[in-house]
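The following paragraphs lead the reader through one protein chain, from its overall form to individual residues. Please keep the sequence and the model in view while reading.

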Amino acid sequence: MANKIPGPNRTQDPEQLLQRTLHEWGGEQDMWVFAYGSLIWRPEFQYLEQRHARVYGWHRALKMWSHLNRGTPECPGLVFGMFSGGSCRGMAFRIASQHVPEMMPRLWQREMATAEYEPRWLDCQTGQGSVKALAFTLPKDSPRHTGLLSEDDYRHIFAVAHGIYGSTLDYARTTYSALLEQGIHDRALERVLQYSAADAA
């Protein structure tokens, strides 16, 4: 692999980030959450409404190392991150304000257990107007960011990376299928998945 595989970064306190995020939300209105990866097909929370949404200034990419869920420290896999630049189509979920106190700790355990993501409130454009939604972004200088990956890198990872929730390839394919079901055609992800075609044949 051309890129150095870093270990986890634990410099941020997940609980402090949770309290900051809840303070920024305010508690007076329903909360919106923007889903761009597995949250689309496995949200694990009750929601009142879902909308197709687009965020400008950020894009989805399969360029985040996974040492547990979709890989191991010895054989890291990949998960999606949301990086600056471009635009991203996904789903915005509206959670009732009274359910947020019980929902957020579970969501935080799933997405922010090691505080790798940077939670942000982003403007999401929907067919019913703009909403401010919580999104889990990844800085490009994060040690979990893979940087540029070659076709051979992806092919190798798809062939061997497997974590407690399954393989990187299954994760990427499931997300791609879920996006298509919502009418979202992610051409970048489609191109990356083509690198696995020879191994899958």
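For the charge count, Lys and Arg are taken as positive and Asp and Glu as negative, while His and the chain ends are not counted; each charge is placed at NZ of Lys, CZ of Arg, CG of Asp or CD of Glu. On this basis the protein chain has 21 positive and 22 negative charges, whose mean positions lie 4 Å apart. The model is predicted, so local features need pLDDT of at least 70 and side-chain atom pairs count only at pLDDT 80 or more, whereas totals for chains, interfaces and linings use all residues. Residues are numbered from 1 along each chain as its sequence is written, and side-chain values use heavy atoms, with hydrogens and water left out.

The protein chain contains 7 helices and 7 strands, where helices (H or I, at least four residues) and strands (E, at least two) are DSSP runs numbered from the N terminus. Along the sequence their order is α-β-α-β-β-α-β-β-α-β-β-α-α-α. The radius of gyration of the protein chain is 17 Å, close to the 17 Å that the globule rule gives for 201 residues, so the chain is as compact as a globular protein of that length. This radius is taken over C-alpha atoms, and the rule is 2.2 Å times the number of residues to the power 0.38. Along the principal axes, the C-alpha atoms fill a box of roughly 50 × 35 × 30 Å.

Of the 201 residues, 47% count as buried; buried means under 20% relative accessible area, exposed over 50%, and partly exposed in between (1.4 Å probe, protein chains only). The protein chain exposes about 10000 Å², of which carbon and sulfur atoms supply 48%. These areas come from the Shrake-Rupley method with a 1.4 Å probe, and for residues only the protein chains shown count as cover. Contact means heavy atoms within 4.5 Å. Among contacts with a separation of 6 or more, 75% join residues 24 or more positions apart.

Although Met64 and Arg144 are 80 residues apart in sequence, their C-alpha atoms are 5.4 Å apart in space. Leaving out residues up to four places away in sequence, Met64 touches several residues, including Gly77, Val79, Tyr117, Leu138 and Thr146.

Tyr117 is also a contact of Glu111, as are Leu39 and Phe136, when neighbours within four places in sequence are set aside. Glu111 lies in helix α3 (residues 100-111) and counts as buried at 14% relative accessibility. Its side chain makes a polar contact with the side chain of Arg110 at 3.1 Å. A polar contact is a pair of N or O atoms within 3.5 Å; within protein, one must be able to donate a hydrogen and the other to accept it, and residues adjacent in sequence count only if both atoms are side-chain atoms.

The loops remain to be considered. Ala115, in the loop between α3 and β4 (118-126), is buried, with a relative accessible area of 2%. Its phi is near 55°, a positive value in a residue other than glycine. Glu44, in the loop between α2 (38-41) and β2, likewise has a positive phi, near 60°. Cys75 is found in the loop between β2 and β3 (77-95) and counts as partly exposed at 23% relative accessibility. Cys75 touches Val160 and Ala161, residues up to four places away in sequence not being counted.
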